[in-house]
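Here is my note on the model, point by point. Please read it with the structure open.

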Amino acid sequence: MALLVKDLMTANPAVCRPDATCATAGDTMRERRCGFLPVVDDLGSRRVVGVATDRDLLLALVQANRPATEVRIDACMTREPKTIGPDADLKEAAAVMEQAAVHRLPVVDKGRLVGVLSLKDIARAAGTAWRSSGPNVAERQMAEILEAIAAARAAQ
Amino acid sequence: MAGRGIFGSNGGRRAKGSAVSREEIAQVAYELFLGRGCEHGHDLEDWLKAEQMVRSQRRAGLAEARTVI
């Protein structure tokens with residue numbers, strides 16, 4: 001049986017609002033030990049309006065030449081990011097990652113953020129599958145996915 | 001952006017009102033990186049910490065200067 005996005009995603013990921021500052025977002029990333037934050041319009045509705053990586057924040061701070069407490073995350077986030085549904089299979093998720101050349105995707109269900117799927121999640125699952133069951137269909141599927149994404153990034 | 005480098009056209013000038021330059025922050029951030037044994041993956045954390053350190057030092061320096069005056 002094919003693995004689905006909801007099987008591997010990180011549920012209830014850290015988020016921030018568009019008016020959060022880079023200082024706040026950086027603190028959240030440090031506390032939650034992540035380098036990627038979905039930006040939601042409201043903590044209740046959790047509608048994704050953007051995503052930001054630690055690299056986005058750092059580059060914005062260097063460029064802005066202003067204190068991190070004065071630079072808002074909506075000034076450096078990627079707007080309208082690619083997303084994936086929780087019931088999509090990994091091949092579909094990999095295709096989206098490959099097309100957008102990203103490592104992480106917000107997982108959105110009925111317009112609401114429910115998780116984040118990363119290339120690391122896929123790799124970890126691949127490692128688990130290899131250790132527990134040896135060569136099988138799931139292993140080959142994940143190996144193909146990893147190769148496709150790696151090839152897409154190398155070609156950039 | 002060829003030739004401008006990471007600091008862009010503003011070089012290491014101090015930002016208006018911040019009294020701290022990117023160059024100063026970058027130098028301290030680099031020292032934090034070295035202090036951790038050149039372990040990668042903490043760029044943002046180092047930058048934010050360096051910014052706090054430089055600003056604190058600047059505030060302390062200003063306070064001291066005012067006391068002397």
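**Notes on the fold, the cores and the salt bridges**

1. Start with the open sheet of chain A. Three strands form it in the order E1-E6-E5, and the pairing is antiparallel. Strands pair here if DSSP finds at least two bridges between them. The edge strands are E1 (10-11) and E5 (104-109) of chain A, and each pairs on one side only. Two bridges join E1(A) to E6(A), residues 112-118. One pairing to look at: A:Ala11 has A:Gly115 in E6(A) as its bridge partner.

2. A helix lies against this sheet. Helix H4 of chain A, residues 90-100, packs on the sheet and touches E5 and E6 of chain A. Contact means heavy atoms within 4.5 Å. The direction of H4(A) makes about 85° with that of E6(A). Axes are lines fitted to C-alpha atoms, for helices over the stretch in contact; angles run from 0 to 180 degrees between N-to-C directions.

3. On provenance and conventions: this is a predicted model, in which local features need pLDDT of at least 70 and side-chain atom pairs count only at pLDDT 80 or more, while totals for chains, interfaces and linings use all residues. Residues are numbered from 1 along each chain as its sequence is written, chains are lettered from A and ligands numbered from 1 in the order in which they are written, and side-chain values use heavy atoms, with hydrogens and water left out.

4. Now the overall layout of chain A. It has six helices and six strands. Helices (H or I, at least four residues) and strands (E, at least two) are DSSP runs, numbered from the N terminus. The order from the N terminus is α-β-α-β-β-α-β-α-β-β-α-α. Of the contacts in chain A with a separation of 6 or more, 58% are between residues 24 or more positions apart.

5. Chain B is built from two helices and zero strands. For chain B, residues 24 or more positions apart supply 33% of the contacts with a separation of 6 or more.

6. Burial and surface, chain by chain. Buried residues make up 46% of the 156 residues in chain A. In chain B, 32% of the 69 residues count as buried. Buried means under 20% relative accessible area, exposed over 50%, partly exposed in between (1.4 Å probe, protein chains only). Chain A has an accessible surface of about 8200 Å², with 49% belonging to carbon and sulfur atoms. For chain B the surface is about 4800 Å², and the carbon and sulfur share is 56%. These areas come from the Shrake-Rupley method with a 1.4 Å probe; for residues, only the protein chains shown count as cover.

7. Strand E3(A) deserves a look. Six of its six residues are buried. Five bridges join E2(A) to E3(A), and the two run antiparallel. A:Phe36 is paired with A:Thr53 of E3(A). Two bridges join E3(A) to E4(A), residues 78-79, again antiparallel. A:Gly50 stands opposite A:Arg79 in E4(A).

8. Which residues touch the most other members of the largest nonpolar core? They are A:Cys22, A:Leu57, A:Leu61, A:Ile73 and B:Leu44, in a core of 31 residues. A nonpolar core is a set of buried Ala, Val, Leu, Ile, Met, Phe, Trp, Tyr and Cys residues joined through side-chain atoms within 4.5 Å. H2 (22-32), E2 (36-40), E3 (48-53) and H3 (54-64) of chain A each supply at least two residues, as do H1 (22-35) and H2 (43-68) of chain B. Beyond its neighbours within four places in sequence, A:Leu57 contacts residues including A:Cys22, A:Met29, A:Ile73 and B:Leu44. A second, separate core has 16 residues, among them A:Val5, A:Met9, A:Ala88 and A:Ala93.

9. The criterion is a side-chain nitrogen of Lys or Arg within 4 Å of a carboxyl oxygen of Asp or Glu. In one of them, A:Asp87 meets A:Lys6, with the closest N and O atoms 2.6 Å apart. A:Asp87 lies in the loop between E4 and H4 of chain A and A:Lys6 in H1(A), residues 5-8, so the pair ties together parts 81 residues apart in sequence. A:Asp87 is exposed at 52% relative accessibility, and A:Lys6 is partly exposed at 44%.

10. Another salt bridge joins A:Arg30 and A:Asp27 (3.4 Å, N to O). The two are three residues apart in H2(A), so about one helical turn separates them.
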